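Dear colleague,

Please find the structure below, together with its sequence. My notes on the sheets, the cores and the aromatic pairs follow.

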Amino acid sequence: MRLPDGFVLRELDRVDSTNDEVRRMAEAGAEPGLVVLAGEQTGGRGRHGRAWASPPGNLYASVLLRIDGPLAASAQLSFVAGLALADALERHAPGDVQLRLKWPNDVLIGQAKVAGILLESAGQANGSGPRCVIVGTGVNIASYPEGTPYPATSLAAGGFAAITPRALLASYLGALDRWLAQWRDAGFAEVRAAWRARSTGLGEKIRLRLDREELYGRFVDVTPSGALLLDLDGGGRREIAAGDVFYG
Ligand code: BTN
């Protein structure tokens, strides 16, 4: 399956983490557009320093993207990537399956997480060259881990027809290409509107787990910079840049 123009694929049977491999290659001078796809990871990483179970059969891929503009653009990219992934998965979904986004960019089937995205910054070792972001994406195609903080599922368990990681990656990069162009041409407002339309939990009571505290309140909205606006149960409003949302 052909990848969209501008992406250069490096496929590995096994690696510690595709994000780490992309970082090493970027430090050695690799250009934006590099994509690393691995059959399995021995040190897969999730957000907030968690491990990401990475047995064979699922998708583990990282893309090196150039980021122009202010630092806030990285936060916005997280929504662009989440939308692209949800769109790509929807192309392969059985008719009755609804894919939703959980802030900032987890993809859910029903109430369970099927995919996650880890954004990290990258650059050349000597600090020269463009500012780049690594978009690392994991999709539970064939299997999912038990006992995770948020319930997990897989495409197989969700009734999807079998798909190879490579074929899913091609769909994802196509959708990413389209959403990146949309973001560049029309700005973040359209991305945000599309994200809101696909999201779950807006307006609802949530629990938000941060690094050192838990907050309870109503999920009011996402801000133009991608933060979560929370009306606290005890009164007051907080704008949260990073955390884990739990519903119900
Ligand atoms: C999350 O916590 O939801 C983010 C999970 C991101 C996992 C992917 S798998 C490919 C890439 N390599 C990693 O080590 N992590 C990301």
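Two strands are taken as paired if DSSP finds at least two bridges between them; helices (H or I, at least four residues) and strands (E, at least two) are DSSP runs, numbered from the N terminus. The model is predicted, so local features need pLDDT of at least 70 and side-chain atom pairs count only at pLDDT 80 or more, while totals for chains, interfaces and linings use all residues. Residues are numbered from 1 along each chain as its sequence is written, and side-chain values use heavy atoms, with hydrogens and water left out.

Sheets

Seven strands make up an open sheet with mixed pairing, in the order β1-β2-β3-β7-β6-β5-β4. At its edges are β1 (8-15) and β4 (99-102), each of which pairs on one side only. β4 is joined to β5 (residues 106-109) by four bridges in the antiparallel sense, and arginine 100 stands opposite leucine 108 in β5. Helix α3 (residues 165-186) packs on this sheet, touching β1, β2 (34-41), β3 (59-66), β6 (112-122) and β7 (132-139).

A further open sheet has five strands, ordered β11-β10-β9-β8-β12 with antiparallel pairing. β11 (237-240) and β12 (244-247) are its edge strands. Five bridges connect β9 (residues 214-222) with β10 (residues 228-232), and phenylalanine 219 stands opposite leucine 230 in β10.

Cores

A nonpolar core is a set of buried Ala, Val, Leu, Ile, Met, Phe, Trp, Tyr and Cys residues joined through side-chain atoms within 4.5 Å, where buried means under 20% relative accessible area (1.4 Å probe, protein chains only). The largest such core has 65 residues, of which Leu89, Trp103 and Leu155 touch the most other members. Domain 1 (8-198) and domain 2 (205-247) both contribute residues, so this core lies between them; the domain bounds come from an automatic or database assignment. A second, separate core of eleven residues includes Leu12, Val15, Leu64 and Cys132.

Aromatic pairs

Rings of Phe, Tyr and Trp (its six-membered ring) pair if their centres lie within 6.5 Å; planes under 30 degrees apart count as stacked, over 60 as edge-to-face and the rest as tilted. Phenylalanine 79 and tryptophan 195 are both buried. Tyrosine 150 and phenylalanine 246 form a tilted pair, at 5.7 Å and 45 degrees.

Yours sincerely

Terms used
Buried means under 20% relative accessible area, exposed over 50%, partly exposed in between (1.4 Å probe, protein chains only). Contact means heavy atoms within 4.5 Å. Axes are lines fitted to C-alpha atoms, for helices over the stretch in contact, and angles run from 0 to 180 degrees between N-to-C directions.
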